[in-house]
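I opened this one to go through its helices, its core, its charged pairs and its loops. My notes follow in the order I looked things up.

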Amino acid sequence: MYSGPWRGPTSPSFLSATKVKAHQLRGQSKEELVKQLDDLKTELQALRVAKVTSGGPNKVSKIQSVRKAIARILTVISDNQRENLRKFYKKKKFVPLDLRPKKTRAMRRRLTKFEASKKTLRQRKHDAHYSLRRYAKLLVNQPELFIDAAFFINLRLDKINKQAETKTKQYQADNGSA
């Protein structure tokens with residue numbers, strides 16, 4: 001089969017070791033994961049003993065894949081625990097610190113939108129009595145737009161004057177005075 005020195009991931013020790021996939025582990029129950037973890041730990045212990053008693057390069061290289069598999073199983077177990085805790089604390093008033101969103105220190109201390117929108121009685125009275133005044137903006141930096149605006153204002157005034165003239169003519173016609 002393979003008789004040379006170890007040359008990385010193409011070595012037969014990596015091919016013979018069954019690599020544990022995280023997406024396969026997520027579907028398993030906690031008991032199955034713990035059982036698999038115990039099996040891998042005993043296998044790791046046996047590999048370390050074989051390493052000391054000069055077991056060969058394939059035993060030594062398999063240690064790494066077993067350690068990675070143990071880490072994957074422990075990660076999936078902790079992820080499942082955190083997910084269950086998140087579900088438990090979802091509707092609670094207080095959530096443990098490690099389950100809260102990290103964000104930044106300043107963002108965590110910032111007022112909530114509700115708190116920021118609150119106004120004092122004095123501020124509410126002031127807003128009620130002194131409402132915001134709205135002014136028309138003059139477009140000084142853009143004279144062509146200013147001229148267009150003035151043109152439309154003049155058009156509007158002309159239209160109002162014509163309406164007033166027609167109404168006075170109609171009133172005079174109705175009352176009989178010429």
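**Overall layout.** Running from the N terminus, I read the elements as α-α-α-α-α-α-α-α. That gives eight helices and zero strands. Helices here are DSSP runs of H or I with at least four residues, strands are E runs of at least two, and numbering starts at the N terminus. The model is predicted, so I kept to pLDDT of at least 70 for local features and 80 or more for side-chain atom pairs, while totals for chains, interfaces and linings use all residues. Residues are numbered from 1 along each chain as its sequence is written, and side-chain values use heavy atoms, with hydrogens and water left out.

I looked up burial next: 12% of the 178 residues count as buried. The cut-offs are under 20% relative accessible area for buried, over 50% for exposed, and partly exposed in between, with a 1.4 Å probe and protein chains only. For contacts I took heavy atoms within 4.5 Å. Among contacts with a separation of 6 or more, 49% join residues 24 or more positions apart.

**Helix H4.** I checked the span of H4, residues 57-88. Its 32 residues reach 48 Å from first C-alpha to last, close to the 46 Å expected at 1.5 Å a residue. The expected span is 1.5 Å times one less than the number of residues. I then listed the buried residues of H4: Ser61, Ile63, Ser65, Val66, Ala69, Ile70, Ile73, Val76 and Ile77.

**Core.** What does the largest nonpolar core hold, and which residues touch the most other members? I count as a core a set of buried Ala, Val, Leu, Ile, Met, Phe, Trp, Tyr and Cys residues joined through side-chain atoms within 4.5 Å. The largest has 14 residues, and Leu25, Leu33, Leu40, Leu44, Val66, Ile70 and Ile73 touch the most other members. H3 and H4 each supply at least two of its residues. H4 gives the largest share, seven residues.

**Salt bridges.** How many salt bridges does the structure hold? I found six, using a side-chain nitrogen of Lys or Arg within 4 Å of a carboxyl oxygen of Asp or Glu. I wrote down three of them.

- Lys35 pairs with Asp39, with the closest N and O atoms 3.7 Å apart. Both lie in helix H3 (residues 30-52), four residues apart, about one turn of the helix. Lys35 is exposed at 55% relative accessible area, whereas Asp39 is partly exposed at 42%.
- Glu43 meets Lys62 at 3.1 Å, N to O. This pair links distant parts of the chain, with Glu43 in helix H3 and Lys62 in helix H4, 19 residues apart. Glu43 is partly exposed at 29%, and Lys62 is partly exposed at 23%.
- Asp98 pairs with Arg82, the closest N and O atoms being 3.8 Å apart. Asp98 sits in the loop between H4 and H5 and Arg82 in helix H4, so the pair ties together parts 16 residues apart in sequence. Arg82 is partly exposed at 32%.

**Rings.** I searched for ring pairs with centres within 6.5 Å, among rings of Phe, Tyr and Trp (its six-membered ring); planes under 30 degrees apart are stacked, over 60 edge-to-face, the rest tilted. By this rule I got one aromatic pair. Phe88 and Tyr89 form it edge-to-face, 5.0 Å centre to centre with 85° between the planes. Tyr89 is partly exposed, at 24% relative accessible area. I also noted Lys92 over the face of Phe88, 4.8 Å from the ring centre. A charge counts as over a ring if NZ of Lys or CZ of Arg is within 6 Å of the ring centre and within 35 degrees of the ring normal.

**Loop between H4 and H5.** Pro96 is in this loop and is partly exposed at 27% relative accessibility. From Pro96 to Arg86 I get 9.4 Å, C-alpha to C-alpha, for 10 residues in sequence. Is Lys103 buried or exposed? Lys103 is exposed, with a relative accessible area of 53%. Its phi is near 50°, a positive value in a residue other than glycine.
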